[in-house]
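Hi everyone, thanks for making time this morning. Please have a look at the sequence and the structure on the screen while I talk you through them.

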Amino acid sequence: MVQNSTFRFSKWYSYLLPISGMTLFGVMAYYPSIIPYGYFGPVGDFLYYLAYNHQSLLRLGFVTACLVHFGEASYGLMLCRRANVSTKDQVMWFMQTFLLGFPSLVPMKKILKEKSS
């Protein structure tokens with residue numbers, strides 16, 4: 001029996017903020033010297049202050065954000081398994097939800113709800 005694919009890529013712009021934000025967050029937490037803070041204007045001054053005065057807090061925040069994304073992706077994987085989604089689609093949903101978080105989880109829940117009804 002061939003199953004229809006339930007996986008859908010999110011809109012291209014849904015990838016911009018989460019991936020660039022998490023990348024900036026990680027670099028600020030672990031490699032703050034490679035960021036050109038001057039290019040960010042007044043926001044750069046604030047980012048510089050955070051990177052050099054609150055590095056342990058940034059590291060804690062980054063690890064927490066990664067754990068939250070992993071938790072969302074795991075929850076999505078559980079939903080896919082309950083809906084008997086193919087293994088390939090489960091992996092795709094997991095990876096996309098890990099990268100994007102909420103912007104992937106909401107459409108996935110909608111698609112799985114339509115599939116089950």
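I'll start with the overall fold and then turn to some side chains.

A word on the ground rules: this is a predicted model, where local features need pLDDT of at least 70, side-chain atom pairs count only at pLDDT 80 or more, and totals for chains, interfaces and linings use all residues. Residues are numbered from 1 along each chain as its sequence is written, and side-chain values use heavy atoms, with hydrogens and water left out.

So, what secondary structure does the protein have? There are five helices and zero strands, with helices being DSSP runs of H or I of at least four residues, strands runs of E of at least two, and both numbered from the N terminus. The radius of gyration is 18 Å, well over the 13 Å that the globule rule gives for 117 residues, so the protein is more spread out than a compact globule. That radius is taken over C-alpha atoms, and the rule is 2.2 Å times the number of residues to the power 0.38. Along the principal axes, the C-alpha atoms fill a box of roughly 55 × 25 × 20 Å.

How much of the protein is buried? Buried residues account for 33% of the 117; buried means under 20% relative accessible area, exposed over 50%, and partly exposed in between, using a 1.4 Å probe and protein chains only.

Let's zoom in on His69, which sits in helix H3, residues 55-82. His69 is buried, with a relative accessible area of 13%. Leaving aside residues up to four places away in sequence, His69 touches Thr97, Phe98, Leu99, Leu100 and Gly101, where a contact means heavy atoms within 4.5 Å.

Now for the aromatics: the whole structure holds nine aromatic pairs. Rings of Phe, Tyr and Trp (its six-membered ring) pair if their centres lie within 6.5 Å; planes under 30 degrees apart are stacked, over 60 edge-to-face, and the rest tilted. One of the pairs is Phe25 with Phe62, edge-to-face at 5.8 Å centre to centre and 80° between the planes. Phe25 lies in helix H1 (residues 16-30) and Phe62 in helix H3, so this pair ties together parts 37 residues apart in sequence. Phe25 is partly exposed at 23%, while Phe62 is buried at 17%.

Tyr48 and Tyr52 form a tilted pair, 4.6 Å centre to centre with 40° between the planes. Both lie in helix H2 (residues 42-53), four residues apart, about one turn of the helix. Finally, Phe7, Phe9 and Trp93 form one aromatic cluster.
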